[in-house]
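Visitor: I am new to this structure and would like to go through it in questions and answers. Please show it to me.

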There are 2 protein chains.
Amino acid sequence: MNNFDTLKPLLLQTDTKILLLVMDGLGGLPREAGGLTELETARTPNMDALAARGQLGVSTPIAPGITPGSGPAHLSLFGYDPLQFVIGRGALEALGIGFDLGDQDVAARGNFCTVDAHGHVTDRRAGRIRDEEGKRLCQTLSQIKVAGVQVFVEPVKEHRWALILRGENLSGDLSETDPGVLGRPPLPVQAHSKVAQHTADVVNDFIAQARELLKDERPANMILLRGFAKHPGFPTFDQVYGLKAAAVAVYPMYRGLASLLGMNVLDTGASVEEEFRTVIKRWNDFNFFYVHVKKTDTMGEDGNFDGKVHVIEEVDSCLPLLTALKPDVLILTGDHSTPATYQSHSWHPVPTLLASAWCRGEASAKYGERDCRRGVWGEFHASSIMPEALGHAGKLARYGA
Amino acid sequence: MNNFDTLKPLLLQTDTKILLLVMDGLGGLPREAGGLTELETARTPNMDALAARGQLGVSTPIAPGITPGSGPAHLSLFGYDPLQFVIGRGALEALGIGFDLGDQDVAARGNFCTVDAHGHVTDRRAGRIRDEEGKRLCQTLSQIKVAGVQVFVEPVKEHRWALILRGENLSGDLSETDPGVLGRPPLPVQAHSKVAQHTADVVNDFIAQARELLKDERPANMILLRGFAKHPGFPTFDQVYGLKAAAVAVYPMYRGLASLLGMNVLDTGASVEEEFRTVIKRWNDFNFFYVHVKKTDTMGEDGNFDGKVHVIEEVDSCLPLLTALKPDVLILTGDHSTPATYQSHSWHPVPTLLASAWCRGEASAKYGERDCRRGVWGEFHASSIMPEALGHAGKLARYGA
């Protein structure tokens, strides 16, 4: 039984509002042993004041020791068990570029590659061609017509692009064409199940046309396709929580993911303050807001400890814009850790803060990893944040008499 | 889905090394209320220095309130859920005496018992005969021949021994012969499934011959057999973690268990220092080392609080031998608690320390039960120690994009 089955019969419709503020990659590590993390270093008087009347804890996004990608990490925050709710690579790539993936569409990750005179792959990334070159070649491939199917070829970055097929009876149950090693020809796509044979024929037709269109190009004279996947068709926020949800995010990946869960993705400016002002503008239209701040993660990936501290302080300074709205439940967290010293996503638990009228409160606590670990909320799986929020918002009836 | 299914697609081959140092029965209790435990009492400057740059937590071996035997406790430490990976009693008894149990062997726990003139059991342990008497009687039973099956009768202690059958098509799916109460005759063995009928016939043949051979002995004139079980055939460390694993342990039980999981069991001297020097000698040959120190548990079982403190201090003083090897991940833990005041294994969580370059660090902590409970690692099931170690060792790829 997952959370949803337990929650469903308990859901109540109330006027209360929940605001989930995600600072991407928030969790960190000390610069040197015995030192402070990025969040512990940051001056965060507004967050600390929230902690005093709230509760602190640390969340595990996936499982101990496991480093999450952004997709699974966000699903977990939204209460969708990331081991159960899996988004195929192709669908995630399409979401990541903001493509409006339909329920019946099949998406795949595409690479431009280089093949020699025998058709054997000599460079799986075609020398990482420039974005402009990738875009031009995608336009070339967009000429391809396959009977009964609408074809979209969308550039991603450098040699990477996304293929989306739209039509009836399509399936993602296909093998990939990447031979995995150099010196071999790209593989034809094979259907893993009978129902996928039609789609396999469609894709192989597409590949044959692409080979012809690209044969005189250099260095990108062939394609590889991987990660065929359909729109995952997850239940929406409305269905599982009865929430009218809005998303405020700038990057396509997070906007796509929110859209996938049925959230209303709002137009917004890119700065933290502009994102917060978008919430203010639409405050009366929804009872759940997801707000995504990307720069904490970017600074962590860049190894910029001070830069990450600065972004956190910027969020803190803008926070009164949100607290002035008096959300019934305000949650501050990250989707995962991206310690500046590690320069990558990591497995470390994420410092998490929930403020509502119904918290035990943290006397003299600072919002930071170690105070969170000792906080009254303790440690928990990230997928329990949503039920906790619903409870604090009075949106769950008593279980049993 | 267990840990293994989640981890398998993420495993990376790297040069990093993990060292798991298990002080058997490490967890303890204060000598008097409000006092310090054995580990808290011990002077452990080297362990405390590791904690400062590492992370502390407490691990639950099986489940709250449940006291583990050594087998399940170690399986849990090795990441094998002890409720799922069950080693039959007979197989565990054979491992415990260092018997090299084969894949197809069936093992059982044997007792010498006393029966009266009607063949009714009057003492299920034959007055706990001395070890020498048990050994002599085992030699007597070793004469027994059963067609098509090789029979091993191995003394364990006092009235206890192990029966191992080696042959084709053997099964452990058998009932036991112990009637459970006095005044009844031993039961014949019955097959729980059709495939086990052959083995039931073999065992009943063995029992009939044993009755004949022992009839003039006093007080041990009959046998009882329990816990029939085959070699469990668990997946190995190489299969589940991609690790080339070595075990440094002195006692047969731990050597047998390590061997069962495909670890290379190294020849070693018996003292803590000799065990650590064995690690040094073979450091370049493996990327995972399990080192087992037994005396902490022995002192606990003996109720020797000061003795246990002394063993912990001995381990601490030898620890620089291991830290000088610069393992990428060094874990100190116990398999369970054996408080000297309790004089037995117990259910209490186990103080656990992990040191790597990627820990949040414990400012001014002492390695001990209460600091561990407040540590940044928090509380966790012992079976999550291995995934945590793999994460810190950079041996796990990101989950999802």
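Visitor: How many bridges join strand S2 of chain A to S13(A)?
Guide: This is a predicted model. Strand S2 (residues 54-60) of chain A and S13(A) run parallel. One of the pairs is Ser59(A) with its bridge partner in S13(A), Phe380(A). The number of bridges joining S2(A) to S13(A) is 4.

Visitor: Which strands are at the edges of the sheet in chain A?
Guide: The sheet is open and has 8 strands, with mixed pairing. Their order in chain A is S9-S8-S10-S1-S11-S12-S2-S13. An edge strand here pairs on one side only, and in chain A these are strand S9 (264-265) and strand S13 (378-381).

Visitor: Which strands of chain A does helix H14 lie across, and at what angle does it run to S11(A)?
Guide: Helix H14 of chain A covers residues 385-392. It lies across strand S1 (18-23), S2, S11 and S12 of chain A. To S11(A), the helix runs at about 155°.

Visitor: At what angle does helix H3 of chain A run to S12(A)?
Guide: Helix H3 (residues 45-52) of chain A lies across S2, strand S11 (329-333) and strand S12 (350-355) of chain A. Its angle to S12(A) is about 65°.

Visitor: Turning to chain B, why is one side of S9 and of S13 left without a neighbour in the sheet?
Guide: Chain B has an open sheet of 8 strands in the order S9-S8-S10-S1-S11-S12-S2-S13, with mixed pairing. S9 (264-265) and S13 of chain B stand at the edges, so one side of each has no neighbour in the sheet: each has a single partner strand.

Visitor: What is the bridge partner of Val248(B) in S10(B)?
Guide: Strand S8 (residues 245-248) of chain B pairs with strand S10 (residues 288-293) of chain B. The pairing is in the parallel sense, over 4 bridges. In S10(B), the partner of Val248(B) is Val291(B).

Visitor: Are helices H10 and H12 of chain B roughly parallel or roughly antiparallel?
Guide: Helix H10 (residues 272-281) and helix H12 (residues 305-323) of chain B pack with their axes 9 Å apart, at an angle of about 15°. Angles under 35 degrees count as roughly parallel. H10(B) and H12(B) are therefore roughly parallel.

Visitor: How many nonpolar residues are in the contact of H10(B) with H12(B)?
Guide: The crossing of these two helices, H10(B) and H12(B), is right-handed. Among the residues in contact are Phe276(B) and Ile280(B) of H10(B), and Cys318(B) and Leu322(B) of H12(B). By class, the contact has no polar and 3 charged residues, and the nonpolar number is 8.

Visitor: How are H3(B) and H12(B) set to each other?
Guide: Helix H3 (residues 45-52) of chain B packs against H12(B) at an angle of about 55°, with the axes 7 Å apart. The contact is made by Pro45(B), Asn46(B) and Met47(B) of H3(B) with Asp316(B), Leu319(B) and Pro320(B) of H12(B). These residues divide into 4 nonpolar, 1 polar and 1 charged. At their angle, H3(B) and H12(B) are therefore oblique.

Visitor: What relation do chains A and B have?
Guide: Chain B can be laid on chain A with an RMSD of 0.5 Å. This takes a turn of 124° and a shift of 0.5 Å along the axis. Arg374(B) comes closest to the rotation axis of the residues of chain B, at 3.6 Å (C-alpha). The relation is that of a three-fold axis.

Visitor: Which element gives the largest share of the side of chain B that touches chain A?
Guide: The contact takes 28 residues from chain A and 22 residues from chain B. On the side of chain B, the elements giving two or more residues are strand S13 (378-381) and helix H14 (385-392). The largest share, 4 residues, comes from H14(B).

Visitor: Why do the copies meet through different surfaces?
Guide: The side of chain B that touches chain A has 11 nonpolar, 6 polar and 5 charged residues. The copies meet through different surfaces because the interface residues of chain B that are also interface residues in chain A make up only 5%.

Visitor: Which peptide bond of chain A is cis, with omega near 0°?
Guide: Most residues other than glycine have a negative phi, and most peptide bonds are trans. Pro219(A) lies in the loop between helix H7 (197-214) and strand S7 (222-230) of chain A. The cis bond runs to this proline, from Arg218(A) to Pro219(A).

Definitions and conventions. Residues are numbered from 1 along each chain as its sequence is written. Chains are lettered from A and ligands numbered from 1 in the order in which they are written. This is a predicted model: local features need pLDDT of at least 70, side-chain atom pairs count only at pLDDT 80 or more; totals for chains, interfaces and linings use all residues. Two residues are in contact if their C-beta atoms, placed from the backbone, lie within 7 Å. Ala, Val, Leu, Ile, Met, Phe, Trp, Tyr, Cys and Pro count as nonpolar, Asp, Glu, Lys and Arg as charged, and the others, Gly among them, as polar. Axes are lines fitted to C-alpha atoms, for helices over the stretch in contact, and angles run from 0 to 180 degrees between N-to-C directions. Angles under 35 degrees count as roughly parallel, over 145 as roughly antiparallel, 65 to 115 as roughly perpendicular and the rest as oblique. A crossing is left-handed if the near helix is turned anticlockwise from the far one by less than a right angle, and right-handed if clockwise. Two strands pair if DSSP finds at least two bridges between them. Copies are superposed by least squares on the C-alpha atoms of residues with pLDDT of at least 70 in both.
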